[in-house]
Amino acid sequence: MRPPANPSRRNRNIGTSKQGHGQNNRLVVPRLSTAAPACTVQLNVAETVWEKVGSKDVCVVVEKTSGGCVHACSAEDVLYLLCRIPPADWAGLNTFVLRQSTQKMRILHPAWGRMFYHADLGFRGGTVVRSGPAIFLEAVNIDRVIEWSTGLGPEDSEELERLRTDGHNVTRAGKRYTISSSVAAVRATQLYRTLLHEIGHWVDWLAKVEEPFARGEKFETLSNSYFARPKSEREAFAHRYADSLRAMLEVRAVIPFPQIDHEMPITGSDGRKH
């Protein structure tokens, strides 16, 4: 008598990536941003910096780092740059987080930064202390070398060139790109591109959701329409905004600038300390 069929012997995908094998430990280049409607986060706070930027009270939360990660930007870097960005572009946005993401998040969903249109932020072991829109800039492990396939689409090819421009070391070996970074390169990416890109998402949100809502339109309908748009369309808008603003800041010699610490004053374009 023939033995019963053993389906596992007929499935050649078992134990391969087609069935998900190894997908929980792949290393990929961080995306420029991950924009999401909302999140709830418990923060392991190392420092909270409050500053008056123009007429706005701005809060920058700095999380404790772990897993060999570092914050490439300082809270003062973020505040300094905000002083030079048109206030109307980030109206209602006054919370910024230098975030230490989990190891799982860094492996599966890496990003230089994240935009949340609504975030409930609490201190670990406590209750929610801040609610509203927030931009996260992620801590990174500088020592980790990342590989990327050479089979890139147009958007990924453009991102690879941006990384080179920011100072990341990109080399090619066979069918793989190897990308290694430095604190200076990550700082350039996060401060001069990611932060401006995320504010670009907020400018888009203000125009398509907040302003029509203030005129009496239904918020739920506006929000649903906003997220129903193709992601590529929303990303293209944020890229255009960031590229235009970066060019303007470079012409005005605002960027690049050396890292700012607690002892250095944070002044606006009028030269006054905020």
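Which residues of helix 2 are buried? I looked this up in the model and found A75, E76, D77, V78, L79, Y80, L81 and L82. I took buried to mean under 20% relative accessible area, exposed over 50%, and partly exposed in between, with a 1.4 Å probe and protein chains only. Because 8 of the 8 residues of helix 2 (residues 75-82) are buried, I noted this helix as largely enclosed by the rest of the structure.

**Basis.** I worked from a predicted model, in which local features need pLDDT of at least 70, side-chain atom pairs count only at pLDDT 80 or more, and totals for chains, interfaces and linings use all residues. Residues are numbered from 1 along each chain as its sequence is written, and side-chain values use heavy atoms, with hydrogens and water left out.

**Whole chain.** I recorded 7 helices and 9 strands, taken as DSSP runs numbered from the N terminus (helices H or I, at least four residues; strands E, at least two). Of the 274 residues, 44% count as buried.

**Core.** Of its 43 residues, L81, I85, F96 and I199 touch the most other members. Helix 5 gives the most to this core, with 11 residues. Leaving aside neighbours within four places in sequence, I found I199 in contact (heavy atoms within 4.5 Å) with L82, I85, D89, W90, I135 and Y241.

**Helix 5.** In helix 5 (residues 183-214) I located a bend of about 45° at L206, the bend being the angle between axes fitted to the seven residues ending there and the seven starting there. I counted 24 of the 32 residues of helix 5 as buried. Just after helix 5, G216 takes a positive phi of about 110°.

**Hairpin.** I traced strand 2 (residues 45-53) and strand 3 (residues 56-63), which run antiparallel and are joined by 8 bridges. K52 stands opposite D57 in strand 3. The hairpin has 2 residues between the strands, and G54 takes a positive phi near 65° there.

I read the order of a 3-stranded open sheet as 7-9-8, with antiparallel pairing; two strands pair if DSSP finds at least two bridges between them. Strand 7 (146-149) and strand 8 (169-173) are the edge strands, each pairing on one side only. I found 5 bridges joining strand 8 to strand 9 (residues 176-180), and T178 in strand 9 is the bridge partner of T171.

Notes
Core = buried A, V, L, I, M, F, W, Y, C linked by side-chain atoms within 4.5 Å.
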